[in-house]
Amino acid sequence: MRALASPASCKGVLSAVEAAMALTAGMRLAGLDAEELPVADGGEGTAEVLAAARGGEWRLAAVSDPLGRVVAARYLVLEDGTVVVEAAEAIGLSRLREDERDPLRATSRGLGELVLAAAAAASGPILVCLGDSATVDGGAGLRVVVGDSLAGRELVGLCDVRNPLLGERGAARGFGPQKGASPVEVEELEARLAAMEELRPYAALPGAGAAGGLGAALAALGGELVSGAGFVLERIGFRGLACDAHLVVTGEGTVDGSSTEGKAVGEVARICGEEGVRCAVFGGRVLAAPSGVETYALSGDPGRAADDLVELGEKLGGALLGFA
């Protein structure tokens, strides 16, 4: 009997890699053959997931954070020359204290600096992971920095949401509040985005509203917007490995309706359903879950997260072996 540990990150608590390690540790305690295959969807930690599966070399660059302060940010160069850049590394919410969140002021300039550093490091495609940013500037800062320097380069935006640029589900109204915007500021941000003529042809694209409008900005630069979850799972060979498993365990910090709207957990559940593979989904909180899966709510205590996953892995492993 064989199991696959394929969690996404538990934001602010455990990375996807750390969560996978905890799950497999528990499964192995039960005597189960378990493999770590963490997953991601274009949000924070996507490069780490690709590195775990595909290898590569980490490099550092000095860039601006959302408020213009110089920080060190890393990017990944894969063996085939593809470079992987995360918006969260340069301009992520994790770069700011909660009282520093200011989407009216926050700029995507640092992501542009990181993209240029990565582009100079290797000649392959540039993958930009669009998730967990602190900005809602429609990529204005990025576009000023990058200009036309990426002409002729393959540019792909990995989107963790399918939302358009404008409207109730857009970059400002859909995500502005979690980045610190008041109701009045949300409407100001919406008006700013609507006034960006260069983004209008791309405003309705799925993912245009990702990362505060960075999806639309990348499209305006000639980039292709794709589902981050689908892209990552294909790159790490998830479907083939899942088909060889008797159980796949996935999950994230909070499992809710958004988990099936472009997130990695929903994509894992979908593929398992297509292939007839048993799938278990955990969450620190489980508010809603994909159909056709088993669900397990953890304690919800961040300090116990790793122990919770070890215990869950041991429980699932023992039950699977007992059934066998």
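User: How do strand 4 and strand 5 run, and how many bridges join them?

Analyst: In this predicted model, strand 4 (residues 70-77) and strand 5 (residues 83-86) run antiparallel and are joined by 2 bridges, where strands are DSSP runs of E of at least two residues and helices are runs of H or I of at least four, numbered from the N terminus. Val77 has Val83 in strand 5 as its bridge partner. Local features need pLDDT of at least 70 and side-chain atom pairs count only at pLDDT 80 or more, while totals for chains, interfaces and linings use all residues. Residues are numbered from 1 along each chain as its sequence is written, and side-chain values use heavy atoms, with hydrogens and water left out.

User: What is the strand order in the open sheet of 6 strands?

Analyst: The order is 3-4-5-6-7-8, with mixed pairing, and two strands pair if DSSP finds at least two bridges between them. Strand 3 (57-64) and strand 8 (224-227) are the edge strands, each pairing on one side only.

User: Which strands does helix 8 lie across?

Analyst: Helix 8 (residues 210-220) lies across strand 6 (126-130), strand 7 (155-159) and strand 8, and runs at about 150 degrees to strand 6; angles run from 0 to 180 degrees between N-to-C directions, with axes fitted to C-alpha atoms, for helices over the stretch in contact. Helix 9 (residues 228-235) also packs on the sheet, touching strand 6, strand 7 and strand 8, and its direction makes about 75 degrees with that of strand 8, contact being heavy atoms within 4.5 Å.

User: Staying with strand 8, is Leu225 buried or exposed?

Analyst: Leu225, which is found in strand 8, counts as buried because its relative accessibility is 19%; buried means under 20% relative accessible area, exposed over 50% and partly exposed in between, with a 1.4 Å probe and protein chains only. Not counting residues up to four places away in sequence, Leu225 touches several residues, including Leu130, Gly157, Leu205 and Leu218. The C-alpha atoms of Leu225 and Leu158 are separated by 6.3 Å, although these residues are 67 apart along the chain.

User: Now the sheet of 5 strands: what is its order, and what is the pairing?

Analyst: That open sheet has the order 2-1-9-10-11 with parallel pairing, and its edge strands are strand 2 (33-36) and strand 11 (294-297). Strand 1 (residues 2-5) runs parallel to strand 2, joined by 4 bridges, and Ala5 stands opposite Glu36 in strand 2.

User: Which strands does helix 1 touch?

Analyst: Helix 1 (residues 16-29) packs on the sheet and touches strand 1, strand 2, strand 9 (247-255) and strand 10 (279-286), with its direction at about 175 degrees to that of strand 2.
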